[in-house]
Structures are given as C-alpha cells and as structure tokens.
Amino acid sequence: MTVTKTQTPAVRRAGAAEGDLELASRRRNRRTYLVLLLPGLLGLLVSFVFPLAYMIRMSFNRGAPDGVIEETFTLDTYIQPLTDPYYWRVTLDTFQMGVTVGLLCVLVSYPVALFLARSTSKYRGLLMAIAIAPLLTSAVVRTYGWMVILGTNGLVNSSLKGMGLIDTPLKLTNNMTGVTIGLVEIFMPYAILAMISGFGRLSPQLEEAAGSLGASKLQVFTRVTIPLSLPGILTAFLLVFVLSISTFITPRLLGGGSVQVLATEVYDQTTGLLNWPFAAALSVILLILFGLIIAVYQRLTKKIGG
Amino acid sequence: MSEARLFKPRFNPAKPAFGILVFLLYLFLLAPLLIVFVVSFASNQYLSFPPEGFTLKWYGMLPEESTFMNGMRVSIIVAVIVTVVVLALGVPAALALDRFEFKAKGVVQSFFLSPLLIPSIVLALGMVLLFGPLKLTNTYAGIIIGHVAITIPFVIRTTMMSLATTDTSCEAAARILGAGSWTAFRRITLPIIQPGVIAGGVIAFIVSFDEAVISLFVAESGLPTLPVQVLRYVENSADAAVAALSVILILISLAVVVVVERVMGLRKALR
C-alpha cells in the first residue's frame, strides 16, 4: 500500500483496523464524539439559535409606544413594511447598493486576483497576504480611513482644491457615493479570495494554446480568460452582494444618517423608536433576502467545485 | 534599427500596464489604512491636507482619553475570555468532526459554520432581544456570549484544516504501541493541530476585539467596547485624535496577520 499524504476515510479506517482495537475503540467512539461535540453545540444553542428563534417569535408581536411589547400573534409587523412605500424604497436602495458594490468590487478585484493566480514571483505569498490582510482589520477603522480620504477637508477634496480644479468641495461623504466607495474597498479581500478559489480551470497553457493557434491578445482574453474565470467572478459578485446588503457600520458612518438601508433601519427602529417587533420583522425580511441569495451562491459554488 | 527590431517583439506593452493597474488597485485597497498612519503623525490641529508637520501628540493624548482607555480595557477582557471559551468549545468539536464517524456529520459541520452566514445586525438584534429579559445586556457575559457565535466557525475551520492535512496513522500507531487515548491525544494529536488552534485562537481574538455591531446592540450604554467608542467618536467628528488609536488597532491586526500567516497561511485560514 502506498502511503499518501491525504488518505481517504476508508484507508484511514483500514489503517486503524488492527485486531480488536478497532471494535473496542469504536464502541468508545460512540460516546466520545458526543462528549466532544456537546460543549460547542450548547454554546451555539445559547449564542446563536436561541437569539434567532426569539427574534423570529418577536416579529409576530405588536409594538406599543415607549418600547412596550404586546405579546400576541400578528402579521401587522410584516404588513406595515410591505405596504409602506418608504420601506419598499429602503429595500430597493439596499438592493441597488448591493448590486453596485458587487459589480464595482468585482471590477477592481479581478485584475488583482488574476495577477495573484498567475504570478510566479517569489513575493507571491507576501502579496497574497497583503491582499487578504485587511480582512482582519477593524471595519470601523477602515471606514474612518475613508472618511478622512473623502471628507469635506479630506485628501481628495484638499488635493483637488490645491490643484485649483474645484472651488467648492465635492460631496463624497454622507451620501451613497461615499458608502459605495468604502464598501467596494472593504469587501475587496473577500472578492479576491472567492475569485482565486473559483479560477480552478484557468490555466496559462490554455491561453498559450489559443495564442499559438492565432488568437490575438484581446481575443485570448475575451474568449479564453474571461469565460474560464466566470465562475470565480460570479461567486465573488454574489458574496459581495450579500455582505453589502447586510452591512451596518459603513452605511452608518459614511452615510452620516442620510443613507437608509435595511441594516440602518433595523438599528433606528430599536435604539430610536424602541419598536422591537417591527425591527425583528425587518430583520426577518433581511434574513429571507439573504437566505435566497446564499442558496443561489451555494448551488453555484457546488457546481464549480463539481 | 536592427537592434530595435530585435527587441520590439519581446516588449509587450500590456505587461507593464497591467503591473501599474495592479499596483494602483493595491494602493486603493490599502488607502484607508495608509491614510490613517499619515494623519496620526500630522500636526494639523484640524483634519486637513497636506500634513503641516510631524508630531506624536495624538499618541501622547491617548492615555488621557478615558473613554478610549475604558473601551480598550473592556475589549481586551472580552476578547481574551472569548478566545479561551471558543477554543474550549471549538477544538473538541473540530476533533469530533474530523476523527469520528457519525450520522448527520455534514449537518453538524454546516451548523457550526452557519453563524458566518447570518448578517451580524440580525444576530445582534436577536441577542439584545433575548438578553434584555435575562439581564445580560450591558454585562461582560452578554458580550462574550454574543461573540462566541461569530468566532466559533473560525476555530472549527482552522483546527479541521490542520487535522485534514495529516493522517490518523500516527495516532493509531501510538495506540497500538500502548498509549492511552489521552496520551495519544496529548503527544500526537495536539502537536498536529497546534497550528490550527493557534491560528483559530488569534483570529477569534481579533474578530472579537474588532467586533462592533453585536457589542453596540448588546452593551452600548453600559459597557461600550473600544470599537463602539471609536464608532461613537467618529460619528460626531472625523478629526485626527482617533487616528492614533486606529493605528494601534491596525498594528494589533497586523500582529495577528503575521502569526496566522506563519503558522498556517492566511489564505488557508480565512477561506
């Protein structure tokens, strides 16, 4: 039997099947795995399942003034946002923001992902790490960085003014423009990661083959490179889309109160208006939107993986 | 002339252009972090460009900012406890998922990774609703329980990644040679999963330390963490005072990045 680094479960089991040891340990395994799993399962039950379940139940209650919650079972909390044009606006704005951020993020991440997937440089590992590292920095800090860049006295406006190109500062914060720019950058590492994982079938040999068969550089790119990297592009787009429709900090800070999306609306309903059931219903709506797209996303990644 | 001809076909203008494009995109990706560095050392009284001079006064002011120092203390306490708790919960679960065969394994594994698929604002609302009647809002326990959900997937993933790249024959050999299951675990399995445990632990620490949304909902008024304090501060003014603090937060993240990259590779750990 050749020993390979990654063994199938069957091989692993065969390796362990030495006499009675296997049987005895199997019997012990019965309880061992439960003991190992139980603390984690309980932890998630308390910190994850109960809060979500409680929130869903809460969404069927009725909110009275001053944060009083009327225990009942009603669909009013859902009917209100579904019939109020304001919430349709907010939902549509959220969607539109997700699509815009997703498209732009794919556009700016694609060259970097392509570069990292192909690079043979000895600095490839370092460059990969630099591209992903911002993922582990605080979203608040990165959003603050964008406020410094885009603000009224920020880098962009000061530079443009200094060059005499503008007299009055451009309005780049406290609106959707700023939120979009900030989110595109904040989700770039996710998009790059997703793309590189989805580039499985893309190989330089195929491009060389196309080139030697007479295709021009542009033809190779549009007819070979792009189609083969399409799975990676699609998964990256969907991932960024779901991340941006549910994000809170960046729309809050860079939107400065004038950008209303579902996530900021949930916050305002709780802290400002203390309408807990209504906030819960909005969250459930967000969760359903989110779940639909995640389902599509997972189906796609499975297809690509298979 | 002949020389020019010789070199011409070799030069592909698309290559340097692509290089410049990638460089500019990297600059865009790092822009907010770089600008925070610059601003934190600028002597301008109010936020403006270009920087007028070099100063360390913003850093000097930090120890006197009691809101930041209190937030820092809360965040460190929370992140340390979350790391310990989530390792204690996650590492055994990862072992069970990799080394044992049982029914519904796939479902259990997806369940452990699923908190990452739920928008944090939704989770945060659920937590504040549930924790309110239980008197857990504005307490350490409340924030810590809240952070367990979003950090456990990282620990499970990195530990399983370490387990998956090694086979079980070493453990089987140790058992055959007479080692008890605890000895086999301590002497064989633990060293094998060490990189995954370290990577998972430091990622859990930084995710908890930087987490803002759950902390905001669960403990804004009574026990604000550092990200919550920064969020509040920045909401009112984007001046330079908070830049020095941001640099410190970035450096902590950088330390985590270096550790994760060393022990198992950032891409592998965060995929």
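## Chain A in outline

Of the 306 residues in chain A, 41% are buried, a figure that, like every other value in this report, is computed from a predicted model. Chain A holds 14 helices and two strands. When contacts in chain A between residues at least 6 apart in sequence are taken together, 72% of them join residues at least 24 apart.

One helix of chain A shows how burial is arranged along an element: in α5(A), which covers residues 124-132, the buried residues are Met128(A), Ala131(A) and Ile132(A). Viewed down the axis of α5(A), these buried residues fall within an arc of 90°, and they therefore line one face of the helix.

## Confidence along chain A

The mean pLDDT of chain A is 84, with 88% of its residues reaching 70 or more. Among the elements of chain A, the highest mean pLDDT, 95, belongs to helix α8 of chain A (residues 176-186), while the lowest, 48, belongs to helix α1 of chain A (residues 9-16).

Two stretches of chain A call for particular care. Over residues 1-7 of chain A the pLDDT is below 50, and beyond near neighbours in sequence this stretch has two contacts in the model. Over residues 10-19 of chain A the pLDDT is again below 50, and here the model has 11 contacts beyond near neighbours in sequence. Where pLDDT is low, the predicted coordinates should not be read in detail.

## Where chain A meets chain B

In the model, 73 residues of chain A are in contact with 73 residues of chain B. On the side of chain A that touches chain B, the element that gives the most is helix α2 of chain A (residues 21-58), with 19 residues. By class, the residues on this side of chain A divide into 50 nonpolar, 18 polar and five charged.

## A pair of packed helices in chain B

Two packed helices are described by the angle between their axes and the distance between the axes. In chain B, helix α8 (residues 169-176) and helix α9 (residues 181-210) pack at an angle of about 150°, and their axes are 10 Å apart. The crossing of α8(B) and α9(B) is right-handed.

From α8(B), the residues Cys170(B), Glu171(B), Ala174(B) and Arg175(B) meet Ala184(B), Arg187(B), Ile188(B) and Thr189(B) from α9(B). Sorted by class, the contact of these two helices has four nonpolar, one polar and three charged residues.

Helix α9 of chain B is also the place of Phe185(B), which counts as partly exposed because it has 17 C-beta neighbours inside 10 Å. Phe185(B) and Val247(B) are 62 residues apart in sequence, and their C-alpha atoms are 41 Å apart in space.

## Positive phi in two loops of chain B

Most residues other than glycine have a negative phi. Ala104(B), although it is not a glycine, has a positive phi of about 60°. Ala104(B) is placed in the loop between α4 (66-99) and α5 (105-113) of chain B, and it counts as exposed because it has 9 C-beta neighbours inside 10 Å.

Lys135(B), which is likewise a residue other than glycine, has a positive phi near 60°. The loop that holds Lys135(B) lies between α6 (120-131) and α7 (140-164) of chain B. With 10 C-beta neighbours inside 10 Å, where 12 or fewer make a residue exposed, Lys135(B) therefore counts as exposed.

Note on methods. Residues numbered from 1 in each chain as written. Chains lettered and ligands numbered in written order. Predicted model: local features only at pLDDT ≥ 70, side-chain atom pairs only at ≥ 80, totals over all residues. Buried ≥ 20, exposed ≤ 12 C-beta atoms within 10 Å, placed from the backbone. Helix = DSSP H or I, 4+ residues; strand = E, 2+ residues; numbered from the N terminus. Arc of directions from axis to C-beta. pLDDT = per-residue confidence, 0-100. Contact = placed C-beta atoms within 7 Å. Nonpolar A, V, L, I, M, F, W, Y, C, P; charged D, E, K, R; others polar. Axes fitted to C-alpha atoms, helices over the stretch in contact; angles between N-to-C directions. Left-handed = near helix turned anticlockwise from the far one by under 90°.
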